[in-house]
Structure formats: C-alpha cells, structure tokens
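Me: I'm new to this one. Can you walk me through it?

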Amino acid sequence: MTESQALMTPTAPARRNRVGTDSASVPTRAPRRPDWRKRGEIILLAGPALLVFVGFVILPVMMAAFYGFFKWNGYGWPTEFVGLDNYALMLQDDTFRAAVGHNFTIVVLSLVMQGPIAILFALLLNQKIRGRSVIRVLIFAPYVIAEVVVGTGWSLMLQDAGALNSLLEKVGLGALQNSWIADPAIAMWSLMIIITWKYIGFAVILMLAGMQSIPEELYEAAAIDGAGFWKAQWSITLPLLGPTIRIWAFLSIIGSLQLFDLVNIIWGQYIAATAGTSTMATYMYQNGHLAGSYGYGNAVAVMLFLISLVVALVYQRFILRRDTEGALTGDSRKGGRR
C-alpha cells in the first residue's frame with residue numbers, strides 16, 4: 001500500500017465516529033401532546049347528553065336494583081331487607097311466568113304477521129301507481145296516533161255490545177259474534193290485530209326506504225336476463241333488504257317485550273291475565289304500583305330489564321354482527337385486529 005492510499009483509507013475509529021455522528025443527527029419525534037381543545041369540544045358537546053343518559057337511564061336502573069332487595073311501600077327509605085325473596089317469589093308465580101310467555105308469543109307473532117305484510121305493502125308503494133302518496137299517509141297514520149286513543153277506540157269496538165258485534169248482526173253474520181276481549185282463545189289474536197294495525201306503518205316506511213336505496217340497474221340487468229317481477233324481488237330485493245329487515249326485527253322484539261299501554265287500556269287492570277294477554281309490564285304495574293308493593297315492583301322491573309338486555313345482546317351477537325362487520329372497510333378490520 002502506498003502512502004497516498006493509506007491516507008485515503010479511513011481507519012476503524014474514524015468509521016465509528018462518522019456513524020455515530022450520522023445517527024446522532026437523526027431527529028427524534030417529540031412526544032405527542034394531548035389536544036385539550038379537541039377534548040374540550042367533545043366534553044362540551046357530549047357532556048349534557050351523557051348526563052341525561054346517566055340521570056334518566058343508568059341511575060334509575062341502579063335504584064330499581066337497590067329497591068328490589070327490600071320490602072318497600074314506596075314511602076321513606078327502605079329498611080326491611082329481604083334479599084332475593086322478591087325474585088324467588090316472582091319466579092315461583094305462575095302469573096308472572098304466563099306473562100313472560102305472552103311477551104314472547106307477541107314477539108313471534110309480531111315478526112310473522114307484520115314482516116310479510118310490511119314487505120308486500122312496501123313493494124306496492126315502491127311502484128308508480130296513482131294515489132301512492134295518499135296510501136302512504138293512510139298506512140302510516142295509525143303509528144302517530146297516541147296509544148291511549150287507539151286502545152280506547154278498539155276497546156269500544158270490541159266490547160260484547162260494541163260496534164263490531166253490532167255490524168256482524170246487521171249484515172246477517174250474527175253467528176260470528178264473539179267476546180273479542182274476554183275470550184282467552186281469541187283475545188291474543190285480537191291484540192295482535194290491533195298491534196299490527198298500529199305499528200305496520202313504521203315497518204312499511206322502513207322497508208320502503210330500504211327498497212329505494214337499491215340501485216335500479218340491478219333490476220334492469222335481471223330483466224335482460226329474463227327474470228320476472230317476483231323472481232327479481234326474491235333474488236335482489238330481499239337479500240339487499242336484509243339489513244333493514246334485521247333492524248326492524250330488533251326494534252319490534254324490544255317493543256314487544258316492553259308492551260304495556262295497549263294491553264292496560266283495552267283489558268284493564270285485572271282481566272288481562274284471565275284473558276291471556278298480560279305482559280311483564282302489566283304484571284309489574286298490577287303487583288307493584290296497584291298493590292303498593294314497590295320493592296316487588298322494582299324487582300319485576302329489573303327482571304324485565306335483564307330479559308330485554310339478554311335478548312338484545314344475543315341478537316346483536318348472532319344477527320346484527322354481520323351488518324356491523326360488513327360496514328367496516330378492510331383497513332378498519334386490520335386496525336381493529338391490531
């Protein structure tokens with residue numbers, strides 16, 4: 001090695017110093033400071049709603065759970081602690097078990113009766129027919145009428161001497177007269193007809209909104225392939241209407257489990273159980289508020305809440321989960337898995 005080559009070749013210490021200098025010159029990322037302004041905006045906007053939710057939902061549930069462990073008449077601070085006796089008495093009561101069965105019967109019948117009718121009405125109203133706007137208003141009108149008005153009107157019509165039996169007699173169908181409210185074999189079907197008439201408008205509006213979001217090009221392609229009207233509805237409309245149907249079914253299930261006003265107005269305080277139309281909510285009202293046993297009534301309210309919560313969680317886990325997963329993009333799924 002010549003003297004000039006030796007001068008041009010860097011030594012090992014020189015290399016280490018140069019590497020160390022280069023690595024030291026790389027800027028380090030400063031720790032990210034919290035955006036207090038953004039957090040303040042979130043607290044300002046979400047705070048009032050959160051306070052209302054805690055005050056009117058979470059707190060009453062906690063208070064009901066607390067009072068359910070006492071024998072309490074509703075006045076003063078509860079002092080007679082009974083533990084789980086209220087729940088044991090409730091589960092041993094045949095009337096309560098019958099009310100739970102009635103609730104789930106209403107759930108099933110509501111889905112079976114309202115779903116197909118709502119889809120058929122929505123298919124009709126989705127076509128270009130004369131008077132479509134008027135039909136929409138007539139179908140949706142019962143939904144916006146107060147339950148007190150609906151219950152009072154139907155109870156007057158379905159009395160033994162009411163309008164329905166009088167009409168049947170005048171048209172020569174007196175043999176079809178019946179005790180539409182008091183007969184246990186008919187009362188549940190009378191209730192389901194009233195519920196369907198009252199809430200079918202909401203289901204129709206949901207189904208119609210879902211249908212109008214389906215691209216028209218899909219039906220044009222199906223027509224080119226030779227598919228008829230009903231074949232196109234079966235192959236295109238129903239599959240794409242699935243998320244809407246599942247959301248409506250969830251709302252219908254929760255509403256059926258909490259049904260109270262129509263049953264209480266039409267059947268009154270005491271004949272609902274004998275007619276086979278009592279629900280958990282009417283049982284709570286009768287055995288809690290009317291009986292002056294508010295500790296027991298709160299225990300029934302907690303049981304109603306737990307049953308509704310379990311049903312909602314199971315429905316979310318096995319049915320609505322596919323819709324929430326389908327709404328996520330690939331990046332969102334990867335980020336969630338990380």
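Reply: Helices here are DSSP runs (H or I, at least four residues), numbered from the N terminus. This is a predicted model: local features need pLDDT of at least 70, side-chain atom pairs count only at pLDDT 80 or more, and totals for chains, interfaces and linings use all residues. Residues are numbered from 1 along each chain as its sequence is written, and side-chain values use heavy atoms, with hydrogens and water left out.

Me: Which helices each supply at least two residues of the largest pocket's lining?

Reply: α9 (184-212), α10 (216-224) and α11 (229-240) do. A pocket is an open set of points on a 1 Å grid over the protein atoms alone, where a 1.4 Å probe fits, with protein on both sides within 12 Å along at least five of seven lines. Lining residues have an atom within 4 Å of a point.

Me: Which lining residues are closest to its centre?

Reply: N126, Q127, E216, Y219 and Q233, out of 18.

Me: What about the second largest pocket? Which residues lie nearest its centre?

Reply: Y199, L251, S252, G255 and S256, and 15 residues line that pocket. α12 gives the largest share, five residues.

Me: New topic. How do α5 and α11 pack?

Reply: At an angle of about 110°, with axes 13 Å apart. Axes are lines fitted to C-alpha atoms over the stretch in contact, and angles run from 0 to 180 degrees between N-to-C directions. So α5 is roughly perpendicular to α11 (65 to 115 degrees).

Me: Which residues meet there?

Reply: I119, L120 and L123 in α5 meet W230, Q233, T237 and L238 in α11. Contact means heavy atoms within 4.5 Å.

Notes: Angles under 35 degrees count as roughly parallel, over 145 as roughly antiparallel, 65 to 115 as roughly perpendicular and the rest as oblique.
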